[in-house]
Amino acid sequence: MGQLNGAIQEYHHIEHRGVAVHPWRNPVVHLDSWAVSDEDGRAYLEQHLVNDMPGRTTPLFITGDEEWGNYAAEVSVKPLSLAEKTGVVFRYHTSRHYYVFALEGGNRAVLAVRQSIEKELRQAEWRVLASASFVYDTRRYYRLKVENAGEKIRAHIDGKLVLEASDDEILKGQAGVMANVPARFQDFAVTAGESEKKAIDSRILAREAELKKLRADNPVPKLWKQFPTPRFGAGRNVRFGDLDGDGAMDMLIAQNIPRVRGDAFDHISCLTAVTLDGKVLWQMGKPDPRNGLLTNDTPFQIHDLDGDGRNEVILVRDFQLQVLDGKTGKRKQSTWMPLSAQDNKERPYEINNGDSIVFLNLAGGARAQEILIKDRYRWFWVFDKDLQLKWQGEGQTGHYPFPVDVDKDGRQEFVIGFSLWSHLGKALWSNDKALKDHADGISAGSFGPDASAPVRIYTCSSDEGFAMFSPEGKLLKQIRLGHAQTQSVADYLPNRAGLEIYIANFWRSPGIVTLLDWDANILGQKELAPGSTHLAPVNWRGDGQEFALLSGSTRDGGMIDGQMRRVVMFPGDGHPDLAYHVLDVTGDARDEIVLWDQERVWIYTQDRPFTGKRMYAPRRNPDYNDSNYRATVSLPGWK
């Protein structure tokens, strides 16, 4: 791919990493598993990697439709190793939930179903339906065929029935191939009887008719503004705020240069402030289109730090915490960052260069004026508005903290990693040792039907899945649903009590989206995106129904409702779709969608005016605390 590392697809939309393969797809996008060549003049598909973590993920190549059912799937497979399983996939739901008929270990054939929820950390959960002795080698192709008829499954090798089973966990789904070892595949086919094909077509037509009606009932994205970003464009390394004091949103675009290694010590190389009309307000540093992408955070934000009604830019650059005038970019004040800990495993610099910035309201005043800066992933420091260091903390800092007033006394505590810290700099509790990975997206609040109920803390806990904690730090629920990466909280199902939580997976199970209620009960799950997504809430209709945005892609993106239906799609007008942000920039409380890549910015609004008597105006965590890892919380409100 040549664009940094696999993490590029955590929060950038990239259709594919090599060549276009639609209508096939590689679900585990960060594994560049598949190659095509030929032998004896006949093409083959080869899974060419040695999977060193078969207990955690499996290379897959998938095609078809979720409505496929009662079909036969077959393929010729030549295992190139006997160490692990390879075979044909059917009834595919997600990369963590599907059936497989496979050859395994050089001496047996197996029918099994992968389970979506793990019992043990980083250990795939399989349920074997049937197995039989079958000795095979690596010198020839074997014809595997599996037939589905309702719950009945029949599996053949070279035309001979070898296994039968009955199971109804999944009755429909896509099909494809899998291999945990190098293996070659030829002559893949899916067939169905005429009556079943008509039934499949009927279900697909009904689904598409429903989607057409839903989309017609929603505003269509209409281009509002567009402008180029010549040489100074970037990926998802942008902040939004009023920089010039005219009451309108502006963009602050940061380019960066990775140092030391891939995604831990990036330095901001260029900052460009630009209006949404494309006018450059100021620029700091040398723009270079080679410095536009990144796979981590960089420490810069827009915020009215001193409370004078005008925004500043607060950033760490050249090992200094700096405050710049928002309108001109001129430095107003600065201080040196703290020294790096002597016992850090990685200590390339004497002075810490910072990873991300969060503003906190620890004093209970009118605004958030304390500055938290963290490294990646152990230390953090809290400064006051005058850039004086107040105190520092140590722990598993995760990616991005979440401020919350847990005890509801007007002063914020904050969740960082799997720990809660007080406004005085005391660790109130920690689950850092109990959970063996780090925290990605974090949210906290009273999201149930009673907004005055005690706060709960919700963490996307990487390979530990999704976790919910009490205000006292008790682990109330944990769901090992894969590498939970990002989350958003909103009223996705207005007819249900409380708010809902959308979760997106990435590493080893990218693109899987799970909807939970406020009590962490799973309401639905689908594989929706090539990579991860922020699932940012969108107040698109203005009537209280929020959608979640996948991406700007015309095929894989759009907005989904609480039933995971793509109810709003973007027009095929050539717009950028690498990155996005959701916010109200026209002033009517409904959200616009800002789409951009390294060369241009396009902004979409609704194609029709609002016609209701009152408009939904949700309250969200502020734009001055933005991050590639932050969870967006959208609390109900009306205008």
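Analyst: Let's go from the overall fold to cavities, a pocket and a few backbone details.
This is a predicted model, so to speak plainly about its limits: local features need pLDDT of at least 70, side-chain atom pairs count only at pLDDT 80 or more, and totals for chains, interfaces and linings use all residues. Residues are numbered from 1 along each chain as its sequence is written, and side-chain values use heavy atoms, with hydrogens and water left out.

User: How many helices and strands are there in the protein?

Analyst: Helices (H or I, at least four residues) and strands (E, at least two) are DSSP runs, numbered from the N terminus. Here you get one helix and 47 strands. The radius of gyration, taken over C-alpha atoms, is compared with a globule rule of 2.2 Å times the number of residues to the power 0.38. The protein comes out at 26 Å, close to the 26 Å that the rule gives for 639 residues, so it is as compact as a globular protein of that length. Along the principal axes, its C-alpha trace spans about 80 × 60 × 50 Å.

User: What share of the residues count as buried?

Analyst: Buried means under 20% relative accessible area, exposed over 50%, and partly exposed in between (1.4 Å probe, protein chains only). By that reading, 60% of the 639 residues are buried.

User: Now the empty spaces. What do I look for?

Analyst: Rolling a probe the size of a water molecule over the atoms shows where empty space is left. On a 1 Å grid over the protein atoms alone, a cavity is a set of points where a 1.4 Å probe fits but cannot get out; a pocket is an open set with protein on both sides within 12 Å along at least five of seven lines; lining residues have an atom within 4 Å of a point. Grid points are joined across faces, edges and corners, and a volume is the space filled by probe spheres set on the points. The whole structure holds three cavities of 30 Å³ or more. The largest cavity has a volume of about 130 Å³, and His 12, His 13, Ser 532, Leu 550 and Ser 551 are the nearest to its centre among 16 lining residues.

User: Which residues line the second largest cavity?

Analyst: Arg 56, Arg 96, Glu 118, Arg 122, Asp 463, Gly 482, His 483, Trp 507, Arg 508 and Ser 509 do, around about 80 Å³ of space. For classes, Ala, Val, Leu, Ile, Met, Phe, Trp, Tyr, Cys and Pro count as nonpolar, Asp, Glu, Lys and Arg as charged, and the others, Gly among them, as polar. That gives this lining one nonpolar, three polar and six charged residues.

User: And how does the second largest pocket's lining split by class?

Analyst: There you'll find 22 nonpolar, nine polar and eight charged residues. The second largest pocket has about 880 Å³ of space, and of its 39 lining residues, Phe 402, Ala 444, Arg 619, Val 633 and Leu 635 are closest to the centre.

User: Back to Arg 122. What is its phi near?

Analyst: Phi of Arg 122 is near 60°, a positive value in a residue other than glycine. Arg 122 sits in the loop between strand E7 (108-114) and strand E8 (126-133), and is partly exposed at 28% relative accessible area. Val 260 also has a positive phi, near 65°, but at 53% relative accessibility Val 260 counts as exposed.

User: Where are the cis peptide bonds?

Analyst: One joins His 22 and Pro 23, with omega about 15°. Another joins Arg 376 and Tyr 377, with omega about 20°; Tyr 377 is in the loop between strand E24 (370-374) and strand E25 (379-383).
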